[in-house]
Amino acid sequence: MEQSLIEQYKDVYVFAQQVDNEISPIAFELLGKAKDLANDLNEKVVAVLIGHNVKDLAAQLGAYGADKVIVVDDKELEVYRTEPYTHALASVINEFKPEIMLVGATAIGRDLGPRVSARVQTGLTADCTSLEIGNFPLNPMPGREQKPNQLLMTRPAFGGNTIATIACPDNRPQMATVRPGVMQKIEPIADANPEVVEYNPGFTPDNKYVEILDIVKNVSDVVDIQDAKILVSGGRGVGTPENFKMLEELAEVVGGTVSCSRAVVDAGWKPQDLQVGQTGKTVRPQVYFAIGISGAIQHVAGMEESDLIIAINKDEDAPIFDVADYGIVGDLNKIVPLLTEEIKKALA
Ligand code: FAD
């Protein structure tokens, strides 16, 4: 892309995902990060709200940091479908020219982000864990111009064994997807009054492709582990699916929720939506109990931001102790029931 064209692209945009006319938490988290980036660039934060009868949601996006909300409202956008949403977001990009476009790495965002980036002919860095503004290349390189004010997108690479920082200096917008739970939303602004712009690129029958006949919702009474304040997480060391009963009892007395490592999911002991880590969920509870979990880098990536980490492991050299605030070395079969009893007594 010509430099003169690149300079036409301004502001930090966030795809404000909504489902059933309720804004998904990831949208607020991305707005929090967008605000930092926009401050560094001295630009504005813009939310893109796509759906049907969604205009009323714009005020909430303002409260969490959007200076402006672009609303694409059309009957065709009532339920998420790849093609109309791709057309909507790609059209917004072509019309308004954002410098940065952030999308949540949710099921919807993972489908939408790459398609939109291909359609507007730019790059996309998936599953970022950190976003910053800086020079690229990071250090001066002979024969290569170092450009300031680039979006530096950091993500684990090679199965989590290294961290890569990626930039998109020659195309716009700079696009990234970010996993839920990684960025932090701001405290809501009480008197926010974002500018609201309505835009409709027009939807032709060609944009339909998929027709939704019926929606069957998965009903679950399990708390989303990303919302839990206390997580009691078990690993392979728990030994058997039946032994998780011990963790459930501990979770009950502390008012927590059970989660697990990938080894537990792979063994078929627990469902995937309870998995913490790089290929599971990123969590930030107030307290995280890691019980019989070794602390592999891919697990730690999903829980290291917890406020307080308590690890129980029989191996004193287990890497989980490197990130734990409190560590108990010993057999979990003895320690967990004792701990549950003592907490019960203390709370009685
Ligand atoms: P183990 O590593 O087997 O550890 C079991 C621990 O229990 C040991 O430390 C042992 O000392 C302890 N123990 C055993 N018995 C007892 C006892 N009686 N009392 C006390 N302690 C005991 N992993 C994830 O968790 N989440 C992910 O999202 C994830 N994504 C991945 C993505 C990729 C691309 C790859 C390659 C791997 C990923 N993994 C992930 C897998 C990860 O590398 C580890 O294999 C996994 O986290 C190990 O799970 P674990 O700690 O439960 O089991």
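## Residues around the ligand

Around the ligand stand 26 residues, of which Arg 236, Ser 261, Thr 279, Ser 294 and Asn 313 come nearest. The model described here is predicted.

By type, the shell around the ligand consists of 16 polar residues, five nonpolar residues and five charged residues. Three helices each supply at least two residues of this shell: H7, covering 262-266, H8, covering 297-300, and H10, covering 332-347.

## Polar contacts and cover

For Ser 294, one of the residues that come nearest to the ligand, the distance from the polar side-chain atom to the oxygen is 2.7 Å. For Gln 298, the corresponding distance to an oxygen atom of the ligand is 2.8 Å. Asp 331 has a polar side-chain atom 2.9 Å from a nitrogen atom of the ligand.

On its own, the ligand has 980 Å² of accessible area, and the protein covers 77% of that area.

## Packing of H6 and H10

Helix H10, which supplies at least two residues of the ligand shell, also packs with helix H6, made up of residues 244-254. Two packed helices are described by the angle between their axes and the distance between the axes. For H6 and H10 the angle is about 20 degrees, and the axes are 9 Å apart.

Angles under 35 degrees count as roughly parallel, so H6 and H10 are roughly parallel to each other. The crossing in which H6 passes H10 is left-handed.

Conventions. Residues are numbered from 1 along each chain as its sequence is written. This is a predicted model: local features need pLDDT of at least 70, side-chain atom pairs count only at pLDDT 80 or more; totals for chains, interfaces and linings use all residues. Side-chain values use heavy atoms; hydrogens and water are left out. A residue is near a molecule or strand if one of its heavy atoms lies within 4 Å of it. A polar contact is a pair of N or O atoms within 3.5 Å; within protein, one must be able to donate a hydrogen and the other to accept it, and residues adjacent in sequence count only if both atoms are side-chain atoms. Accessible areas come from the Shrake-Rupley method with a 1.4 Å probe; for residues, only the protein chains shown count as cover. Helices (H or I, at least four residues) and strands (E, at least two) are DSSP runs, numbered from the N terminus. Ala, Val, Leu, Ile, Met, Phe, Trp, Tyr, Cys and Pro count as nonpolar, Asp, Glu, Lys and Arg as charged, and the others, Gly among them, as polar. Axes are lines fitted to C-alpha atoms, for helices over the stretch in contact, and angles run from 0 to 180 degrees between N-to-C directions. Angles under 35 degrees count as roughly parallel, over 145 as roughly antiparallel, 65 to 115 as roughly perpendicular and the rest as oblique. A crossing is left-handed if the near helix is turned anticlockwise from the far one by less than a right angle, and right-handed if clockwise.
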